[in-house]
Each structure stands twice: as structure tokens, then as C-alpha cells.
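Here are my notes on this model, point by point. Please keep the structure open while reading.

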Amino acid sequence: MADDEEDISIGRIPELYKPPALLPIAQLRDQLLYAIETHPVTIVVGETGSGKTTQIPKFLFQAGWCNKGQQIAVTQPRRIAATSVAARVAEELNTQLGQQVGYSIRFEDVTSANTQVKFVTDGLLLREMLVDPLLKRYSVVMVDEAHERSLSSDILLGLLKKVLRKREDLRIVVSSATLEAERFLEYFNPDAEEKVFGKTREEYGRIIGIEGRTFPVEVQYLLEPTNNYVETAVDAVMSVHENEGEGDILVFLTGREEIDDAIDLLGDRIADLPSTSQRLMPLPLYAGLPTEDQNLVFRKSPPNTRKVIFSTNIAEASITIDGIVFVLDSGYVKLRNYDARLGIENLNVVPVSKASATQRAGRAGRTRPGKCFRLYTETAFERLEEATFPEIQRSNLAPVVLQLLNLGITNVVRFDYLSPPPSSLITRALDLLYSLGALDANARLTKPLGARMAELPLEPMLSKALLQAANPEFGCLSEMLSIAAMMTLQGNAFVSHDGNKKQLDNARRKFAVEEGDHLTLYNVYEAFVKSGIQNVQWCHQNHLNHKNMVKAVSVRKQLAAYLDRFGVKENALTSSSSGVLRVGGLPLAERVRRCLTTGFFAHAARMKSDGSFTTVDGKTTLWAHPSSVFFHRKADWVIYTEILSTRDKIYIRDLSTVSMDWLTEYAPEYYKVKEGRR
Ligand SMILES: Nc1ncnc2c1ncn2[C@@H]1O[C@H](COP(=O)(O)OP(=O)(O)OP(=O)(O)O)[C@@H](O)[C@H]1O
């Protein structure tokens, strides 16, 4: 063991940090390493903050699991966890991030030839399997937060189970909340009569429990339920600020709009505070926020200031924000729910599970004792579900099915899922992929289209449109690359200054074109590049988020590199932004919209006289998002590339006008053969 290395890291840790040697997991170090050495699968169960995420990779590294040139992979369901935990472990091991310890998430790779411990999102490791199906570069794969049952981690577990049958040397560590541990063990274990590499059921997997937590967290509930948890959260922040001791506050809400509202409300309340009292510093935290802005939450509060972080569930697991003493939990979360019949993915606000509530409370008590105020009654807590419903049973499975097929799993229905998805979801995915041309009539991946779609790190509809863009019929690859890169910003290209929505609308309008949002996004991208990529001032004047725009440039480069590898080169002829260049007699703007239709035909809608839209089957009403060109303008048929649902309306964002004929031209199977159904 490298005790001396551990001492060095303790020496560097600022005084408020609990030295890693004192974390509950430290006492189990040898037992854990022995279990991992002798069993292919080790399930680790422990309280939040006991040290699973940061210490297990470190123990493994120090025990020599990277000595033979292999790496340790640790998966996280969320990007922010992968990046922040990697930074922490690098710090504890006294190495620069990206050297021995690094991370890799979609479109961002901070690793080097020296990297031995790598934190990744579970989705990214799935992608790695396309090039390294047996994950040979890893000696150990740790699947963290497996009990969250994210779509990618469930699929990953299924694939790891298969890989384990082929690699005697591989070790899997699954970190889980208590409830699911037995189930994970059972899933990996061989059958009663079976032996895998000479090991029986009993010798194959083990559960190790870690007792104790870092610091105590006192939990309190509301005595009466509230019907406005955003207002109650702001009241609670003020009450903590006025009545409790030192320490930052972390508030869990469900989405960006609520977070903006809460910050506005708190702003009004702060204005009433006496100028002599300690300041409150509200900070937002949600997935669409640029990484640099997300990282602000990890910075130490300035003197005489209390941070108040308003976050979605992205801060719920794995991460440690030093200084958090108080957690305020609204008790709600936005969860994905896919309607296979309509092909629409909704985000519904629903009560959290008990497991989530425990994770949320566990964001306090990590570097000092804490308090968690649940903004609901104890009776309501008792009524919560134990665990969150697995994502695989409520998601659009097209991306996953495409990946499984590309990995050679030909029968996706019979894949050994931890929780099998309903067959309607698989059928719908196969149906869509077939219409997109990714599958043939025997449900085999087409080559090259299907295989390339699986490789691109985009969802299948966008992959298809991008891959079609080089086709001479459309000749708009350069434009589609910019549009695709802008789409990955998920509506976060523009920012308001001090919440001024009117100014923001005017700024947007400057780039808007009547054909719709995609060409508008293209205009924004072109104008940004022309202004000079470093031009922060220009972005500010135009209400654009400079960091996100820079990110779009980087994403575009990476996408172009993928296409380049497929032998698809960006064609100089088509990179005109004038909109008048003609290939095959059609103007560029039309070719771009036709090209988008080849991917997004399933997301078609028609505007009604009241300005709302209706789906092709006429059964669902959709509304243009306020950021869309068609929030004010008239249109007939459109395709949309993103859906956002709130409690009372389903919004569509990023719309382009299309002709109804294009739908049957590019998706005859989807629209003609099954006419009765759609
Ligand atoms: N960035 C950090 N700053 C200060 N202390 C930290 C940091 N990261 C981790 N720690 C300390 O290490 C402890 C263990 O963190 P770790 O993330 O390994 O726990 P865990 O068991 O994986 O928790 P969870 O189940 O909540 O993900 C924390 O409780 C905290 O005391």
C-alpha cells in the first residue's frame, strides 16, 4: 500500500476538509481491496458521503490496478459529477487534472496518455464500447450511483455482464443504495449450476456495506403542506438566513424556469435586508448552464456572504459542495416520460423518491454537520416511492437500440436487461430507426448509414439529417454542421441581461428568418464566427452567451472530424451563407429544411388558426416556445427538433417550415404505409 501517498494528500487538504483517512470507508480499505481482488463483481453499499466515489478509485489506483498499463473507469450518471469528482480525486492524489486523473464527457475530453483513473459519464463509456467492445483498456470499471437506474447505466450493466463472461481479469464495482444491492448481485451472479471461469455463484460477487457517515444531518419537515414550493423555498432561505448559523444553502427545485423565478423572488427579498447584515449570493445550477458558470457553485463564498445555490437534481448525487450546511428540498423533480404512441418525450414534474430525498439531504453533512429542511410534511415523505422508476422503462429507446445493434447485439428484445423495457418502447424504437434508414427490413443495421448514425454522438434523428447533408441533393453540410452544433446548446445560445426579456427578444429578432429557428441558429453561428471567436463584447451586445458560442465552435469541429473519418468532407461549394447558392435548382434555405426533414419527419406539426400546433394525427396540441420564430409568426407545416413540457402545455422549440409533401417524400414508409395509424 502507498501509505506515504495518502499522507501527502492529507497534508494538502485545507483544514475544513475531513481527511480522507478518517472517512468511514477508510476502515474497510483492505476488506474492499480483497473483495475486488477475489471477486469479479463487488457491490458497495454505503451512506451518502461515506467515501465511495472519491476513495474507491484511489484505493484501487494505490493498490496497483493501473500498473499493467490499464486504467480504472468510474462512471457517473451526470456530467457535473464526473468533472467535479475527477477534480477532487486529482487534488487528493496531488496531480494535475487531466494527468493521472482525468475525465471524459461528451464533447469534452480532459485526459492524457498518463491518465490512469478516468471519470466518465455512463453514456460515454457505452460509446467507448463501440471501439473497444471488451473495454480492454480498463482493469476495473466502477459504476457509481447505479441505484439511480439511469438508462445508460442500466444498459452498461447489461453489457458489462456479458464482458465479464469473456474477460477473467476484469473487475466490476457497483455502488448502490441499500435497496437495490441484492438485486444487482443477483443480476450478475451465475445460475445455481453454472460456473464462470471456475467460480460458483458464491465466489462470483460480494456485497460490502459501509457503516456510518461523515457528519450528522438533522432532517426537518413542514407541519402543513405548501401549494407553492418555489415561494416556500424562498421563505425558507430567508428564515435560515435570519435564524440559523453560518453556512451556505443548497435548494432543490425542478427546472430552469423555477430557478430563475426563485432567484428573482429572492432578489426582491434581499433588497429589504439591512445593509449591515451578511450578504446573500444566489447562484443557479442546471444542466444547460455553461460549465464555467456551473463551476461557480464550487467557489468559496466571498467574506461576509452566504451562497444560495438553486439547483435541479443535477446536484443530487455524488457531488460535494464544500460549505453547504443547509439543504432545502422541494420534494419534486422533473422526470422524462416517453409516450411511445405519440413519439413524444415529456418532462413531468413529479414527487421525488425516498432514495432521491436521502441523496439530497446527503449533500449536507459532508464537510461539517448540516440540516435538511424538507419542504413537505413527514406524512408526504412516508408516502413517497422507495426508488425512482428505471429510466429504461420510460424513455425513447432509439439511441440505445442503435448502439446495441452496432455492438453486435442483434436481438435487442432478448437482451438481458436489469429491468426489461415495455415492448411498445422497443417496437417504437425499431420502427423509427427503420424509417430513418438505419435498419433494414430484418432489423439489421444498414451500412454505412445506420453504423455511422450509431457512431455520431448525437441523437439518431439529428445524426441522420447531418449525414444526409453531404448528399448532392441537399449539398448543405457546412450549414448543417453549424446547425447541429448550435442545437447541442439546447436553447442556451442567448442570455438575458438582468432578466430583461424584451431586450432579449429584440436581440433574437435581429437574426431571425422566416423559414424558422434552424436557419436562425445558423445565422447566429455565422455572425459569431465573423465577429471573431474571442469577441466577448459582440456577444454581450447581441445577448449571446460567449462561452456557449465557443462551445458550439468546438462541437462543430468535433462533428466535422467524425464525418471526416467517414470520408465525408465539408464541401467548400456549399459553405455560402448568402442563401442564394443553388444546387439542383433549389435555394440553400430550402435544401437545409428538406435535409432536416429527412431526420425529423416524425416530429411534424401543423399550425392552427389560434397559433398553436397539432401533431399529424391531430391528437396532441403543441405550442411554439417563446424563443421560437413562430411564437409570433404564422406558419403551416413545421418540423420541430425539441420538446419541452411544463405542467400545462407542451412546447416545441427549434421549428422550421416544411412542405407536407416532403414528409411523404423522405419518409414514405412512416407516413404512407401506416397512414391509418398516424
Ligand atoms: N470537493 C470536496 N471538497 C471537500 N470535501 C470533499 C470533496 N469531495 C469529497 N469530500 C469529502 O469526502 C467525503 C466523501 O465523498 P464521496 O463523494 O467519496 O462520498 P460518497 O460515499 O460517494 O457519497 P455519495 O453517495 O453522496 O456520492 C465527503 O463527505 C467529504 O467529506
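1. How many residues of domain 1 are in contact with domain 2, and how many of domain 2 with domain 1? The contact involves 24 residues of domain 1 and 21 residues of domain 2 (contact: C-beta atoms, placed from the backbone, within 7 Å). On the domain 1 side, α4 (79–92), α6 (151–164) and α7 (178–188) each supply at least two residues. The largest share, 5 residues, is from α4. By class, this side of domain 1 has 8 nonpolar, 7 polar and 9 charged residues. Ala, Val, Leu, Ile, Met, Phe, Trp, Tyr, Cys and Pro count as nonpolar, Asp, Glu, Lys and Arg as charged, and the others, Gly among them, as polar.

2. A word on the basis. This is a predicted model: local features need pLDDT of at least 70, side-chain atom pairs count only at pLDDT 80 or more, and totals for chains, interfaces and linings use all residues. Residues are numbered from 1 along each chain as its sequence is written.

3. The domain assignment lists domain 1 (14–209), domain 2 (217–391) and domain 3 (456–587); such bounds come from an automatic or database assignment. The centres of domain 1 and domain 2, taken over C-alpha atoms, are 28 Å apart.

4. Now the ligand. Domain 1 and domain 2 both give residues to the shell around the ligand, so the ligand lies between them. The shell holds 21 residues, and Gly-49, Thr-53, Thr-54, Thr-320 and Arg-366 come nearest (near: C-beta atom, placed from the backbone, within 6 Å). By class it has 3 nonpolar, 13 polar and 5 charged residues. Helix α3 (residues 52–62) gives the most, with 4 residues. Helices (H or I, at least four residues) and strands (E, at least two) are DSSP runs, numbered from the N terminus.

5. Next, the sheet. An open sheet of 6 strands runs in the order β9-β16-β13-β10-β12-β11, with parallel pairing (strands pair if DSSP finds at least two bridges between them). β9 (217–222) and β11 (279–285) stand at the edges with a single partner strand each, so one side of each has no neighbour in the sheet. Strands β13 (residues 324–329) and β16 (residues 370–377) are joined by 4 bridges. Leu-328 stands opposite Phe-373 in β16.

6. Helix α10 (residues 256–271) lies across β10 (248–252), β11 and β12 (305–311), at about 170 degrees to β11. Angles run from 0 to 180 degrees between N-to-C directions, with axes fitted to C-alpha atoms, for helices over the stretch in contact. Helix α12 (residues 354–361) touches β9, β10, β13 and β16, and makes about 155 degrees with β13.

Conventions: Two residues are in contact if their C-beta atoms, placed from the backbone, lie within 7 Å.
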